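Subject: Structure handover

Hi,

Here is the structure for you to look over. My notes come after it.

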Amino acid sequence: MATAKTAKSAAKAGKITKQKTLVIVESPSKAKTIGKYLGSSYKVVASVGHVRDLPKSKLGINIENDFEPEYIAIRGKGDLIKELRKEAKAAGKIYLATDPDREGEAISWHLAYLLGIDANEPCRIVFNEITKDAIKNAVKNPRPIDLKLVDAQQARRVLDRLVGYQISPLLWRKIRRGLSAGRVQSAALKIICDRENLIKSFVPKEYWNINAVFKKGKSFTARLTEQDGKKLTVENGQQAEEIKAALEGGKYTVSQIVRKERTRKPFAPFTTSSLQQDAANKIGFTTKRTMMVAQQLYEGVEIKGQGTVGLVTYIRTDSVRISQEAKAAAHQYIETNFGKQYAASNIYTNKKKDIQDAHEAIRPSRIELDPEAIKDSLTKDQYSLYKLIWSRFLASQMSAAVFDSMQVSIENGRYGLKASGSKLIFDGYQKVYSPNLDEDKDKLLPELSEGEELQAKEVTCEQKFTEPPSRFTEASLVKDLEEKNIGRPSTYAPIIATLLERKYINREKKTLVPTELGFVVTELMEQYFKEIVDAGFTADMEDKLDDIEAKDLNWKEVVRDFYGPLKEELEIADKAIEKVQLEDRLSGDICELCGKPMAIKTGRFGEFLACTGYPDCKNTKAIVKTINVKCPDCGGDIVAKRGRSGKLFYGCSNYPECKKAFWYKPVNKRCPQCGELLLEKHTKNTKYVCSNDKCGYKE
């Protein structure tokens, strides 16, 4: 019988080997974080996203064989798959730990196929946050692969492929190469185009605001709202002057004072879409930037003294649910740092009753990791987004803000005016998360009493016009898509990115503006593929796709019902649509090679000038936009340019002789400290910064 000592020696010599448990995740950074938590008896490797997918070169769906997908190993991943098979063969046990959503479930299913793992065996582990406890608990509770989730993902993938790979080539032939259509993308584009059409067709309507300014210790303003007890709209200047004369000839009397406490409850913790909206509105992030940074926070960041830490829970979720453990930790933190009066038991409900509630809302994985305490370990973007998530979650578990409000009604003959005031008397959740609403700002009225007569200092009449609906920003588009049930939060960022990339829309001062190309494509889609761009149809399809997961609806049946009408529409459209000629936008420049006008064209990196004599003349030029600032080195014009990545920068027009360049826009203003040009860099507390990195001046 071998002693412990001899057994140990034998193991050391390699005669006895203990097989490790293999854990496969999606990303290398996540593998690194999880590997530290699981220890030496586990080996954690990354699949680096999908390993098997539909081929790029063809449709990849066998329509005759009931829409069977024809999956292949992704090109370039042969060596990785070979390495995964080698690791799987050497492992004693294999766990598939891809993301806890439809896409992650499908990746696990594909991995199981490639590695010869039985999908019905307990090989799948899931966790909502990358913390030591969550990982250890997941390993203790493996489950089979959820084939309903896989089918839901396959249905989406197949539908999107059928639309994209059959309508897009049609757009290439009829309009121009490089265009695309999509099941959700095209519906989103139509929403943006419809809004622009509303703006263009809008006819402003005149109205007037009439205000009386009073002074009793301090000045306050009351607005005219009623005539003879009914709501009043003043439609023109003559009516306004008549009312003003009547008010000036009458007496003002306080008819009613209503005092009450008004409360404002905190917002629910973030879902994916509300995070995208808040990040856009509060810290100026695009949806793409938000998701990229959120993914970093989820997968793990190196924190000084603590190693790699997953800072937030899973970032793709429709749910506002919070675990009891997270609630308890938040309450303890609030009571310790702010006092018991700030803690509350708030209940939040999901917008959709039948939502799959497997995930929590987005929250910090450890509430004690205050953003300020770990700021030095984070990039600027990571800190900004983490602070937003941390503050919103903590606020969601806090008491309501309380305001002392006062509503005053004032009568003058036939007319009624109203004034309102409020004062914050308990900040509650606003101690950590302020919504910055105008109605929440202190606006104090003087002490008044019912029956009291008031003297007006002046009566003002202000002409106004109704305004058209505003253009969509990324935040408001995300909100609209969610309300219309179009797409899913995880798809919003790539949809907007695709619309921008295809030049269907432009981003102008944070608003999304459809281009001529966007209108042309939408009009064509409306005429020949009405259901694809119809918001109601797209929303109904989303519900059916959810039902595959939630109610065992057969995914091929959904695809079958969708494809029948689409096939007929494709055949009609191909015969009926004639080649669309997009009109050239002339720049006013003349081609120096052949003398023909130059037109503004759109390419991969933005707009450029091209000769209208193409293909006989292939002259192209960059569009040079001067900003009326001279180069400090040579006196040439500073012009706006785009680099190879498409990013805007500002450089000297005398390049390559002068290589002066700036990432931020220079202004005709010199630094008072060193004399260099100042650059525009608008942040919350900064307008300009010095272009000299060593100076550090800002204002």
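This is a predicted model: local features need pLDDT of at least 70, side-chain atom pairs count only at pLDDT 80 or more; totals for chains, interfaces and linings use all residues.

Salt bridges

The structure holds 39 salt bridges.

R183 and D160 pair through their side chains, at 2.8 Å from N to O. This pair links distant parts of the chain, 23 residues apart. R183 sits in the loop between α6 (147–174) and α7 (185–201), while D160 belongs to helix α6. R183 has a relative accessible area of 6%, so it is buried, the cut-off being under 20%. D160 is partly exposed, at 31% relative accessibility.

R363 and E360 also form a salt bridge, at 2.7 Å from N to O. R363 is buried at 4% relative accessibility. E360 is buried too, at 7%.

K464 pairs with E462, and their closest N and O atoms are 3.6 Å apart. K464 is partly exposed, at 30% relative accessibility. E462 is partly exposed as well, with a relative accessible area of 35%.

There is also a network: salt bridges that share partners join R102, R156, D160, R183, R488, E542, D546 and E549.

Sheet

An open sheet is built from 3 strands, ordered β28-β29-β30, with antiparallel pairing. β28 (666–670) and β30 (688–690) are the edge strands; each has a single partner strand, so one side of each lacks a neighbour in the sheet. From one strand to the next, the twist averages 40 degrees. β28 pairs with β29 (residues 677–680) over 3 bridges. R670 stands opposite L677 in β29.

Best regards

Note on methods. Residues are numbered from 1 along each chain as its sequence is written. Side-chain values use heavy atoms; hydrogens and water are left out. Two strands pair if DSSP finds at least two bridges between them. Helices (H or I, at least four residues) and strands (E, at least two) are DSSP runs, numbered from the N terminus. Axes are lines fitted to C-alpha atoms, for helices over the stretch in contact, and angles run from 0 to 180 degrees between N-to-C directions. A salt bridge is a side-chain nitrogen of Lys or Arg within 4 Å of a carboxyl oxygen of Asp or Glu. Buried means under 20% relative accessible area, exposed over 50%, partly exposed in between (1.4 Å probe, protein chains only).
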